Amino acid sequence: AQDQGLYKVDVDLNANNSRIFKLHVMERLLSPSITTGIAMVDQDINLTCQVAGGKVGSVRWMKDGQMIANNDTTYRMLRNNFTLQILKAKKSNCGVYTSIL
């Protein structure tokens, strides 16, 4: 974070054009992990994305490579999307779940 600040970039020295950019240096994120409890049919299942180090504003979720929409009634997003809740789980909910930071 020591390199964070305002930086001025001269685009064309002859025309005195310049731009000022604000640089935010982010902490490096470690690989996220997904945790869950015991999964039973017809019960809600919580998948929680945990990230060590750095700050993440929100998480997006995918099932079998397809983005899960926030308005999908099979799921509920909790804790700023860090937890994906599968509502009344069925066998059709089996698959590969991915959290995207």
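1. Two strands are taken to pair if DSSP finds at least two bridges between them. Strands (E, at least two residues) and helices (H or I, at least four) are DSSP runs, numbered from the N terminus. By this rule, 3 strands form an open, antiparallel sheet in the order β6-β5-β9. The edge positions belong to β6 (66-67) and β9 (97-100), each with a single partner strand, so one side of each has no neighbour in the sheet.

2. On the basis of this note: the model is predicted, so that local features need pLDDT of at least 70 and side-chain atom pairs count only at pLDDT 80 or more, while totals for chains, interfaces and linings use all residues. Residues are numbered from 1 along each chain as its sequence is written, and side-chain values use heavy atoms, with hydrogens and water left out.

3. On the chain as a whole: the secondary structure comprises 0 helices and 9 strands, which gives the pattern β-β-β-β-β-β-β-β-β along the sequence. Of the 101 residues, 22% are buried; the term denotes under 20% relative accessible area, with exposed over 50% and partly exposed in between (1.4 Å probe, protein chains only). The chain exposes about 7700 Å², of which carbon and sulfur atoms supply 51%. Accessible areas come from the Shrake-Rupley method with a 1.4 Å probe, and for residues only the protein chains shown count as cover.

4. On contacts along the chain: a contact means heavy atoms within 4.5 Å. Among contacts between residues at least 6 apart in sequence, 45% join residues at least 24 apart.

5. On the pairing of β5 and β9: strand β5 (residues 60-63) is joined to β9 by 4 bridges, and the two run antiparallel. Trp61 has Ser99 as its bridge partner in β9, and Lys63 has Tyr97.

6. In soluble globular proteins, nonpolar side chains tend to be buried together.

7. On the aromatic pair: a search of the whole structure finds 1 aromatic pair. Tyr75 and Tyr97 form this pair, which is edge-to-face, at 6.3 Å centre to centre and 70° between the planes. Tyr75 lies in strand β7 and Tyr97 in strand β9, so the pair ties together parts that are 22 residues apart in sequence. Rings of Phe, Tyr and Trp (its six-membered ring) pair if their centres lie within 6.5 Å; planes under 30 degrees apart count as stacked, over 60 as edge-to-face and the rest as tilted. Tyr75 is buried at 9% relative accessibility, and Tyr97 is buried at 14%. Leaving aside neighbours within four places in sequence, Tyr75 is in contact with residues including Lys63, Ile68, Leu84 and Tyr97.

8. On Thr48: this residue is placed in strand β4 (residues 45-50) and is buried, with a relative accessible area of 15%. Its side chain makes a polar contact of 3.1 Å with that of Thr83. A polar contact is a pair of N or O atoms within 3.5 Å; within protein, one must be able to donate a hydrogen and the other to accept it, and residues adjacent in sequence count only if both atoms are side-chain atoms. Not counting residues up to four places away in sequence, Thr48 touches Ser33, Ile34, Thr35, Trp61, Arg79, Phe82 and Thr83.

9. Beyond four places in sequence, Met77 touches Trp61, Ile68, Ala69, Asn70, Thr83 and Leu84. Asn80 is found in the loop between β7 and β8 and is partly exposed, with a relative accessible area of 49%. Beyond four places in sequence, Asn80 touches Gly57, Ser58 and Val59. The C-alpha atoms of Asn80 and Val59, 21 residues apart along the chain, are separated by 7.2 Å.
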